[in-house]
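Hi there,

Here is the structure I promised to send over. Have a look at it first, and my notes follow below.

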Amino acid sequence: MSVLIIGYKRANEIKRVIENVSKFKPKKIYLTMDGPKDLNDNLLCTNAREAALKSINWDCEIQTNFSENNKGLREFILTSIDWFLSYEKEGLILEDDILIHPEFPKFARYFIKKENIGCISACTFDSYLKNNQKNPKYTFLSKIPSIWGWYCTKKTWENFRNWERPRESPIIYFMKLKKRIGFWQSLIFAMIIDYINQNKLSTWDYDFAYFLIINDKYTIFPGICMAENIGNSSLATHTITKDDLTPKLSKLNINLSKIKSNPILNKNYMNNQSLNIMVKNEYKITAIKSLIKYLIKSFLNFFNLNLFL
C-alpha cells in the first residue's frame, strides 16, 4: 500500500494528515513538497517539511521530492503524481489538507479494478444521500470525481497525461458534457475550462474530471464520508473560508463482505455535484454571467470582423 502526500507550507495541517495516515501504516510514503514563492515562504516551507518527516513515525519506506523553487499548484501537483506513479501501479493521493478514513485504502483497492472506473473518491457529502443510503454498506457511481482523497491507477493517469484537451468554445464543451452530466454541472465545467484556456485560472482537477467524463469513466464513492478537508485557513491556496468545506470524517467502519459490490449510478447525487463540492446558487450565477460575457465578446468580434469584409 503506497500513499502520495502533496504539501507546501502548512505544517499543522500536514502533521494532522500524516497522523491520520499512521492509523493504517502504509508500507510506502511518497512525500512531495513545493518550494517557496518568496523569502517569506522559506521558513513556512522548512517547518512544513520538518513537521511532515517527524510525523512519519512508523516503519515504512519514505521517498521525498522537495522542490527548491515554487512550481505553482497546477504544475506541481501534476508532476508530483507523475513521479509517484512512475514507481507505483496504483495508490492513494492526498493533499496536505485532507484527513483520510483509515479504511478507505482497502475500500479503494477492492473496487479499483472494476471495468470503466477512473478513480475511487473518498469525500462523500452524505447529506445529499437518501436516509437508507447513509451507511457503510452502500456505495455508488458518479460520472463526476472528487480529488479530496482519491485512489487511482498508473494506467488511468498515464492515459490522462497523454491526452490533450482540444481548445474549443465553452459552447462545445457544454454540449459534450450535457450528454453525460447535468445542465448546471455542464455549464459550470464549461466556463471553468474556458477560464483555464484564457489563463485566468490555473488548476488541474477540472481537466482530469473532464477527461474522465468525456471518456465515460466512472468514480466510485462510499456511502459514508471517508475524507475531510481541513484546509480552510489563511495559508490555503484556494479554499479560504470560515465554513466547513466538507462533512466530518465518519466514525463508522466498512465491512467489505457486506458492502454492495456492484454499485450503480446515483443520478440524484451526481446532479448536485460540482467536482469536489456541491453546486451552490452562486456558482450557477457566476457561470451564467461568464457565458453572457463570452457571447457578447463573440458577437462583437464577429461584428468587427464583418466590418472589414
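The sulfur of Cys 119 sits 6.3 Å from the closest cysteine sulfur, that of Cys 152, which is too far for a bond. A disulfide here means a pair of cysteine sulfur atoms within 2.5 Å, and the structure holds zero of them. Cys 119 is buried at 0% relative accessibility, and Cys 45 is buried too, at 3%. Buried stands for under 20% relative accessible area, exposed for over 50% and partly exposed for what is in between, with a 1.4 Å probe and protein chains only.

Before going on, a word on the source: this is a predicted model, in which local features need pLDDT of at least 70 and side-chain atom pairs count only at pLDDT 80 or more, while totals for chains, interfaces and linings use all residues. Residues are numbered from 1 along each chain as its sequence is written, and side-chain values use heavy atoms, leaving out hydrogens and water.

Now to Cys 152, which is in strand E8 (150-153). Helices (H or I, at least four residues) and strands (E, at least two) are DSSP runs, numbered from the N terminus. Both faces of E8 are covered, with Trp 150 and Cys 152 buried on one side and Tyr 151 and Thr 153 buried on the other. In a regular strand the side chains alternate between the two faces of the sheet. E8 runs antiparallel to E4, joined by four bridges, and Gly 91 has Cys 152 as its bridge partner. E6 also pairs with E8 in the antiparallel sense, over two bridges, and Ser 121 stands opposite Trp 150. Strands count as paired if DSSP finds at least two bridges between them.

What lies against helix H4 (residues 104-111)? Its buried residues are Phe 104, Pro 105, Phe 107, Ala 108 and Phe 111. They are on the same side of H4, because they cover an arc of only 160 degrees around the axis, taken from the directions from the helix axis to the C-beta atoms. Their cover includes strands E4, E6, E8 and E9.

Thr 219 lies in E9 and is buried at 0%.

Finally, two backbone angles for you to look at. Asn 199, in the loop between H7 and H8, has a positive phi near 60 degrees and is exposed at 72%. Asp 216, in the loop between H8 and E9, has a positive phi near 55 degrees and is partly exposed at 42%.

Best wishes

How values were computed
Contact means heavy atoms within 4.5 Å.
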